[in-house]
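Visitor: Please show me how to read a few features of this model, taking each general idea before the particular case.

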Amino acid sequence: MTDPLLSVENLRTYFYTPYGVVKAVNGVNFELESGKALGIIGESGSGKTVTGLSIMRLIFPPGKILKGSRIMFQGEDLLLKPENEMRSVRGNRISMVFQDPMTSLNPVFTIGEQLTRVIQTHQDLTKKEAIEKAITLLKEVGISDPEKRIKNYPHQFSGGMRQRVLIAMAISCHPNLIIADEPTTALDVTTQAKIIELLKDLQRKIGTSLIFITHDLALISEIVSEVIVMYCGMILERGEVDELLSEPLHPYTEGLLHSLPDVNIKGDLQPIEGTIPSPINPPSGCKFHPRCKHATVECREDVPEFKKIRSDRYVSCILY
Amino acid sequence: MGETLIDVEDLKKYFISSNFASRLTGREEALRAVDGVSFDIYRGETFGLVGETGCGKSTLGRTIIRLYEPTDGKIYFKNTEITSIKGSSLRKLRKDMQIVFQDPLSSLNPKKRIMEILWEPLRLHNICSEHEKERKIFELLELVGLSKADRHKYPHELSGGMLQRVNIARALAVDPDFIVLDEPTSALDVSIQAQILNLLRKLQNEFRLTYLFISHDLGIIHNMCDRIAVMYLGRIVEVGDWKVFENPMHPYTKALLSCVPSIRKESRKNKILLKGAVPSPVNIPSGCRFHPRCFLKEDICSEIEPDLKEVKKDRYVACHLYQ
Amino acid sequence: MRTEYIINRLIQVLPVMLGIITLAFVMLRLAPGDPITIYMGVRASEEDLQYLRHLYGFDKPIYLQYIDYLKRIAVGDFGTSISYQKPVFDIILKRLPVTLSLVLYSLGFSVIVAIPAGIYSALHKNRISDHIVRFISLIGVSIPRFFTAILLIYMLGYYLEILPISGYVPLREDFVKGSMHLILPAVSLGGALMGYTMRVMRSSMLEVLGENYIKAARAFGLQEKVVVWRYALRNALLPVITIIGLQFSTLLGGSIIIEEIFGIEGIGRLTYRALLARDYPLIQGVVIYYSFLFLLSVIIVDVLYAIIDPRIKYE
Amino acid sequence: MSEKMSVTMFKKPWVKDISIEFRSNIPALFGLFLIFLLFFSAIFVTIDSTFFDRKIISTLIADPLEMTPDTYQPPSKDHWFGTDEFGRDILARVIYGSQTAVIVGISSVGFSFVFGVLIGAIAGFYGGKVDHVLMRMVEVLYSIPALAFALFIVAIFGANIQNVVIAVGIINMPKFARVIRSEVLSIKEREFVMAARALGLKNSRIIMDHVIPNAITSALVVATLSIGTAILDVAALSFLGFGVQPPTISWGLMLSSGREALFIDPYLAFFPGLAIFLTAMSFNLVGDAVRDAFDPKLKTRWNR
């Protein structure tokens with residue numbers, strides 16, 4: 001087996017708040033091979049966004065990535081890189097697309113200024129070449145009349161268009177990895193569909209790997225091939241997407257699926273009981289045990305091992 | 001179908017933005033949030049209102065229960081016109097119609113305990129006396145699945161799902177016939193959302209409630225509603241029962257449904273991707289307001305606005321294709 | 001579009017100006033006592049008083065006096081000062097450069113110190129340098145101007161004899177000497193503005209640095225200096241401009257006390273004298289001057305806003 | 001578990017916020033201590049003059065008519081802060097001055113608070129023409145330099161303690177009106193107000209029960225910060241001779257007379273000036289801490 005593009009080993013990111021320590025990511029392991037798309041699914045407080053930001057090393061105080069975590073990317077540990085070298089990784093070899101396109105663009109600069117600045121940061125191009133490149137990129141992400149549009153300010157764009165601009169920035173240097181953190185949550189369904197199509201197209205075209213973070217089970221199945229399920233900063237389950245969604249192993253994944261009011265189900269849903277635990281004082285043992293139907297004394301005491309069940313299928317539950 | 005509880009006729013709600021300067025120059029802008037909608041809601045049903053951001057569905061919901069002053073049109077509740085009632089008769093109407101909002105936290109006064117929040121409607125409408133207060137509040141808490149101890153808490157001490165239960169309890173306190181559910185679960189996580197949806201369904205059966213369920217999530221609407229109306233830019237484009245999902249008729253409904261992601265491989269359809277973005281409700285296109293984005297557009301569409309017509313039994317569509 | 005925005009703002013400001021002018025009129029008419037009597041003293045004959053009252057229009061009904069007052073203001077006639085026996089307009093105009101140079105010096109001083117310090121402080125949040133900057137800004141907003149003035153006069157003027165402690169030399173005559181004379185007054189006057197600007201700059205910078213577009217800019221690998229000095233600063237300046245605009249009138253108010261302490265014959269000192277002497281025409285003239293400068297500051301702030309923030313023209 | 005604990009420990013959310021803020025904010029605690037000292041000395045002065053027949057401090061204040069030879073003394077063992085032009089003990093006068101500062105500062109802020117909150121709440125809640133007229137009036141007050149405006153009032157209506165309180169109250173009022181108005185504007189849009197209306201509450205009841213209780217915290221923050229400014233304003237008026245008149249002792253007046261003898265005895269101006277500065281600073285420190293405690297922007301999502 002060749003070395004994976006990205007391998008996250010025992011990632012732990014904690015936030016030291018005045019109210020207590022929040023273990024946002026607490027021992028996460030996964031790899032991603034070149035050209036593949038991986039989905040991270042989880043509800044609020046599951047640590048999915050912090051995982052993405054940790055890979056980018058965009059964790060600021062009171063947050064901290066703990067010692068012993070390793071993020072191997074193309075054979076080097078990103079966590080050991082000096083900040084200035086890390087900067088040349090961001091936006092160049094790894095790009096990120098954020099959740100809220102309305103606030104992710106600087107309101108006082110034109111789209112063109114922002115796009116060319118990203119291009120010129122990583123590529124040795126003249127101003128004119130950068131503008132040309134910007135126009136090509138905008139065309140590529142489906143913005144009509146890009147020659148005129150680069151002179152516009154973000155507030156003159158709709159939400160979907162802004163997300164396209166951000167995607168254009170993200171792909172401007174042909175990154176090896178794009179981390180998309182709920183890129184369509186703030187958008188309407190019809191716009192979401194267009195953005196998803198665009199991401200899929202681009203991923204195919206430039207052959208980049210993708211980490212797609214979302215809370216939407218249905219959405220993730222349309223774009224990624226493999227998915228990990230996070231809860232309380234830990235990975236509960238991992239597998240090929242259609243398989244995982246059709247026969248979930250972990251009780252949590254199963255519960256999520258039964259909670260989903262899909263267009264095809266009518267009538268009562270079978271939700272998971274209880275509430276999402278407080279991030280400051282998470283349950284002991286298996287984080288899901290207070291809400292789990294199958295919970296035993298053992299679940300309360302020990303964190304179950306993250307086991308390989310069969311090829312490409314892992315789960316962290318004592319049932320297996 | 002059953003008896004009509006609410007009848008809305010050609011309802012309009014415009015927001016006029018004006019300041020000193022625009023009054024001087026005479027250029028006041030009207031944001032046409034709801035621009036002439038008509039429909040009925042039957043007693044005991046859940047009527048779904050679905051549409052994308054800014055289509056006016058929330059404004060419509062709030063205008064029906066008279067939280068906003070209607071600009072034009074008529075609203076009938078139990079065959080009585082309530083479009084412009086005021087004062088004590090409006091206050092009496094409040095006992096029959098309630099609303100649950102999207103954001104569970106900001107729907108509750110942060111300075112009050114749960115008990116005080118629930119006591120407010122009871123006291124206001126003389127539903128129970130001071131010495132029955134505790135018992136009645138316990139009853140409400142139990143009904144929505146909260147514990148008695150929760151009554152001493154402040155809203156910020158509860159989780160989103162629990163807060164939404166408090167909101168539902170407050171709406172139920174006055175024993176209403178009709179509740180507007182304005183995206184009641186879109187601020188919640190999936191696992192919590194399902195709990196709330198089940199609760200709402202249970203309460204509906206128990207108290208014969210009529211719901212107007214507003215949401216942008218077609219999955220929820222399909223799961224919860226008996227009939228649905230699809231809104232686009234201040235107008236209803238299609239009304240019908242669950243068959244709307246099986247066989248959408250209006251091009252917009254078709255596109256909308258095709259874009260909903262599904263966990264089932266087999267139900268992933270070919271997506272109809274609409275061009276452009278939704279126009280601003282200040283500058284509504286001429287003719288059919290959907291025509292600039294429509295993939296089945298004809299010449300007539302840019303000139304004449306189609307009416308909502310019954311094209312088959314219990315199916316209303318506003319499109320020239322079916323006129 | 002931008003000019004239209006500015007014109008709109010002007011239309012909104014005009015009623016405020018009229019309000020100020022009216023308020024000055026009403027207050028002076030509500031006041032107990034009669035300026036003519038005060039000015040002439042007890043020895044003046046009743047006939048003289050009558051004559052003067054007639055001359056200054058104090059014998060007419062109030063509403064006529066008000067209309068006269070507005071009419072005169074509209075044509076730029078602010079009346080004649082009772083105590084100086086000169087046209088109010090000329091008196092104010094003669095002293096305008098004095099006060100303006102003082103106010104602009106202190107504005108310049110506070111902005112030049114405060115903005116870099118505020119940014120520095122935000123970038124070094126919770127380090128020692130941040131605490132020092134915050135402490136200085138706390139002193140700035142807490143210390144009375146006249147106390148700063150007295151401390152500076154004693155230490156730099158009297159004890160160390162570095163700077164002149166009173167008087168004014170027109171900048172046009174001798175720029176260096178004039179500037180030397182303005183240093184102490186300008187620093188005393190601008191201390192509070194410096195403190196406010198520092199903390200607003202700091203907090204606004206911190207807020208902007210927490211915005212999503214800054215996070216996104218970092219995620220795209222932009223250099224930290226670009227992120228801070230181009231992306232963040234321009235946005236962070238907006239509230240700072242607002243606070244400077246609002247504080248501008250405080251500087252004018254403070255100039256009353258500062259000019260008095262440093263013996264500078266500007267409009268601040270004139271205001272003080274006019275009030276002591278109950279010189280009504282002069283007081284009114286000064287009020288109009290204040291409202292005019294207020295208008296000017298509004299225009300300047302709006303223009304700056306329109307330059308920095310592209311969203312303005314569409315609102 | 002943590003939820004239960006926080007419930008029993010902090011019944012009211014704002015108590016929790018403030019206690020957390022002050023626990024980690026040493027300067028604010030220092031400010032609180034100075035304010036305590038200020039109030040203590042102000043009350044002590046009252047007690048002293050009422051119950052001890054001016055025994056304790058009055059011995060420190062020489063009779064001006066006696067013209068003791070101890071004029072313009074630098075700080076010494078007998079007179080910690082030195083003496084003034086009449087040989088009066090400056091420490092004693094600074095302590096006496098605290099009473100004036102506290103009374104004038106707090107009552108003028110009380111004046112601004114009551115009128116500012118009322119005007120702001122009405123303007124914000126009703127909006128439209130009411131808002132327009134009220135806010136234009138407030139803007140008029142805002143656009144005249146505060147000190148100049150206070151001077152106008154006191155100069156025209158007479159320099160006494162009531163007029164000083166009113167003048168300083170008026171010039172600080174716009175701050176309250178503006179903050180409350182913008183707060184009310186945002187509260188008005190919050191769903192709980194909408195829900196109260198849906199329940200059938202009357203407007204007056206909504207304002208009293210739902211709007212003002214939620215807007216009041218920010219008014220309290222402004223109030224704490226304003227006491228500092230009010231004390232500075234009062235001192236400035238006194239300094240110009242338009243404030244509290246002798247024989248009432250005020251720091252501004254002391255500073256003003258100290259200024260005349262600056263080169264003979266700098267302590268005369270220094271100590272009252274320091275007193276004004278420290279008082280204003282304490283209120284600023286505490287006000288900042290209270291504001292930070294209430295600022296929703298500073299709260300993170302795990303603060304539930």
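Visitor: Does Glu222(A) count as buried or exposed?

Guide: Burial is read from relative accessible area: buried is under 20%, exposed over 50%, and partly exposed in between (1.4 Å probe, protein chains only). At 10% relative accessibility, Glu222(A) therefore counts as buried. This is a predicted model, in which local features need pLDDT of at least 70 and side-chain atom pairs pLDDT 80 or more, whereas totals for chains, interfaces and linings use all residues; side-chain values use heavy atoms, without hydrogens or water. Residues are numbered from 1 along each chain as its sequence is written, while chains are lettered from A and ligands numbered from 1 in the order in which they are written.

Visitor: With which residue does Glu222(A) form a salt bridge?

Guide: A salt bridge is a side-chain nitrogen of Lys or Arg within 4 Å of a carboxyl oxygen of Asp or Glu. Glu222(A) forms one with Lys271(B), and the closest N and O atoms are 2.5 Å apart. The pair crosses between chains: Lys271(B) is in the loop between α10 (251–258) and β11 (309–312) of chain B, and Glu222(A) in the loop between α8 (217–221) and β10 (226–231) of chain A. As for these labels, helices (H or I, at least four residues) and strands (E, at least two) are DSSP runs, numbered from the N terminus. Lys271(B) counts as partly exposed, because its relative accessibility is 22%.

Visitor: Which parts of chain B does the pair of Lys78(B) and Asp177(B) tie together?

Guide: The two residues form a salt bridge whose closest N and O atoms are 2.5 Å apart. Lys78(B) sits in the loop between β4 (72–77) and β5 (80–81), and Asp177(B) in the loop between α6 and β7 (178–182), so the pair ties together parts that are 99 residues apart in sequence. Lys78(B), at 34% relative accessibility, is partly exposed, whereas Asp177(B), at 18%, is buried.

Visitor: How many salt bridges does the structure hold over all chains?

Guide: The count over all chains is 48. One of chain A joins the side chains of Glu76(A) and Arg93(A), at 2.8 Å from N to O. Glu76(A) belongs to strand β6 (residues 76–77) and Arg93(A) to the loop between α2 (83–89) and β7 (94–97), so this pair ties together parts that are 17 residues apart in sequence. Glu76(A) is partly exposed, with a relative accessible area of 27%, and Arg93(A) is likewise partly exposed, with 21%. Elsewhere in chain A, a network of salt bridges links Glu237(A), Glu243(A), Glu247(A), Arg310(A) and Arg313(A).

Visitor: Which side chain is joined to that of Arg165(B) by a polar contact?

Guide: A polar contact is a pair of N or O atoms within 3.5 Å; within protein, one must be able to donate a hydrogen and the other to accept it, and residues adjacent in sequence count only if both atoms are side-chain atoms. For Arg165(B), the partner is the side chain of Gln195(B), at 3.3 Å. Arg165(B) lies in helix α6 (residues 160–173) of chain B.

Visitor: Where is Ser107(B) found?

Guide: Ser107(B) occupies the loop between β6 (97–100) and α4 (114–124) of chain B. Ser107(B) is buried, because its relative accessible area is 0%. A polar atom of the Ser107(B) side chain lies 2.6 Å from the backbone oxygen of Asp103(B).

Visitor: How many helices and strands are there in chain C?

Guide: Chain C has twelve helices and zero strands. Its C-alpha trace spans about 85 × 55 × 35 Å along the principal axes. Of its 315 residues, 54% count as buried.

Visitor: In which helix of chain D does Ile166(D) lie?

Guide: Ile166(D) lies in helix α7 (residues 161–189). With 33% relative accessibility, Ile166(D) counts as partly exposed. From C-alpha to C-alpha, Ile166(D) and Ser112(D) are 8.6 Å apart in space, while 54 residues separate them in sequence.
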